[in-house]
Amino acid sequence: MNQSILSKLEQLSMRLEEINALLSDQSIASDQNKFRELSIEHSQLTPVNDKYKSYLSTIDDIEAAEKLLSEQDDEMKQMAEEEISSGQKVLEQLELDLKKALLPKDPNDSRNIILEIRAGTGGDEASIFAGEIFRMYQRYTELQNWSFKLVDMNDNGLGGIKEVTFEINGSGVFRKMKHEAGTHRVQRVRSTESQGRIHTSAVTVAVLPRLEDINITINQEDIRTDIFHSGGAGGQNVNKVATAVRLTHNPSGIVVTCQRERSQSQNRLIAMDLLKVRLWDLEYQKQQLEHSKNRKDQVGSGDRSEKIRTYNFPQGRVTDHRINESVYNLDEFLNGSIDILIDKLIRNEQIKKLSENEDN
């Protein structure tokens, strides 16, 4: 391991000792906010420091075994060689783990998300597929023990969805779900197709981190507000009271709708929060595009118009084009078992970051 990484790990170890001392300080203990911040940092640094200690201990064990190689006893030499060999393997894994632990973290990884699905090319088939993707994420949310809240849905009356917006709350939601952003393509024979021709449709998925601390100023004069009757479940309240809210931000052209609550004022607050997140994301996407242009080894633009995945029904295959990986469990995948690709995408992200760190 190079000296700069070892230096970072040593600084991390010293910082942990400092935090331990601060947490035992009575003045810190009485400041709840400071105590909570230090406790979070302590929980983040401790597992890294434990691996660092194991790394140093393994080096000591290998060096001790190397000294035994000069012994005259053949059995002792063989034991030393075996210990060195096994120690080197442990050392390699610890080194990789420590490099990953020191990778720069996405500050949004721990955030909840707002997820939007929109039917794209393909007419009614695209709407049907959007409904299937929506249910896939609902099922995945259940499997992850996350919570799900519908914000707005616009169906096509045929069992499909034109567009849907919902929230997912839980531990590390954005870290996993950010990899779902992009264009999802489906290839299958339509039920009305008599000649067995394969039809191609697409939906787009946007994954926005839920930013409670977002600082965006919106001029109210730039917003057009429309109030209308909610659709879907809700009993007589749906038909009698206009509670759904649609906000149109004229400068950007962004339109957000919320009909989740029975109160018009509550729906407006939710829609305003969503508008702020969409405006933040618009700026974020510009920054990402500029970053991708400046990268030496560009692997996809990260633009949502880019096709990220194909769901091929005739072959029962799901292919992720970013990592050129295919799995042949389409039914299970659409039933929420999507970790098989998400885990590989996370590993791919780590590998790229490691490569960029080494280049720098």
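1. Start with helix α4, residues 74-101. The helix has 28 residues and reaches 40 Å from its first C-alpha to its last, close to the 40 Å expected at 1.5 Å a residue. That expected span is 1.5 Å times one less than the number of residues. Helices here are DSSP runs of H or I with at least four residues, strands are runs of E with at least two, and both are numbered from the N terminus.

2. A note on the model. This is a predicted model, where local features need pLDDT of at least 70, side-chain atom pairs count only at pLDDT 80 or more, and totals for chains, interfaces and linings use all residues. Residues are numbered from 1 along each chain as its sequence is written, and side-chain values use heavy atoms, with hydrogens and water left out.

3. Which residues of α4 are buried? They are Ala80, Ile84, Gly87, Leu91, Leu94, Glu95, Asp97 and Leu98. Buried means under 20% relative accessible area, exposed means over 50%, and partly exposed lies in between (1.4 Å probe, protein chains only). The cover over these α4 residues includes α1 (3-23) and α3 (32-67). At the start of α4, a side-chain oxygen of aspartate 73 comes within 2.8 Å of the backbone nitrogen of glutamate 75.

4. Now the sheet. It is open, has 8 strands and mixed pairing, and runs in the order β2-β3-β1-β5-β4-β9-β10-β11. Its edge strands are β2 and β11, each pairing on one side only. From one strand to the next, the twist averages 20°. Two strands pair if DSSP finds at least two bridges between them.

5. Look at one pair. Strand β9 (residues 307-312) and β10 pair in the antiparallel sense over 4 bridges. Arginine 309 has aspartate 320, in β10, as its bridge partner. Helix α5 packs on the sheet, touching β1, β2, β3, β4 (182-189), β5 and β9. The direction of α5 makes about 45° with that of β5. Axes are lines fitted to C-alpha atoms, for helices over the stretch in contact, and angles run from 0 to 180 degrees between N-to-C directions.

6. Beyond four places in sequence, isoleucine 133 touches Ile117, Val203, Val205, Tyr311 and Leu334. Contact means heavy atoms within 4.5 Å.

7. Is asparagine 169 buried or exposed? Asparagine 169 counts as buried because its relative accessibility is 18%. This residue is found in strand β3. Its side chain makes a polar contact of 3.3 Å with the side chain of asparagine 112. A polar contact is a pair of N or O atoms within 3.5 Å; within protein, one must be able to donate a hydrogen and the other to accept it, and residues adjacent in sequence count only if both atoms are side-chain atoms. Leaving aside neighbours within four places, asparagine 169 also has Trp146, Ser147 and Lys149 among its contacts.

8. Finally, check two loop asparagines. Asparagine 145 lies between α5 and β2 (147-155), with a positive phi near 60°. Its relative accessibility is 70%, so asparagine 145 counts as exposed. Asparagine 324 lies in the loop between β10 (317-320) and β11 (325-327). Its phi is positive too, near 55°. Asparagine 324 is exposed, at 68% relative accessible area.
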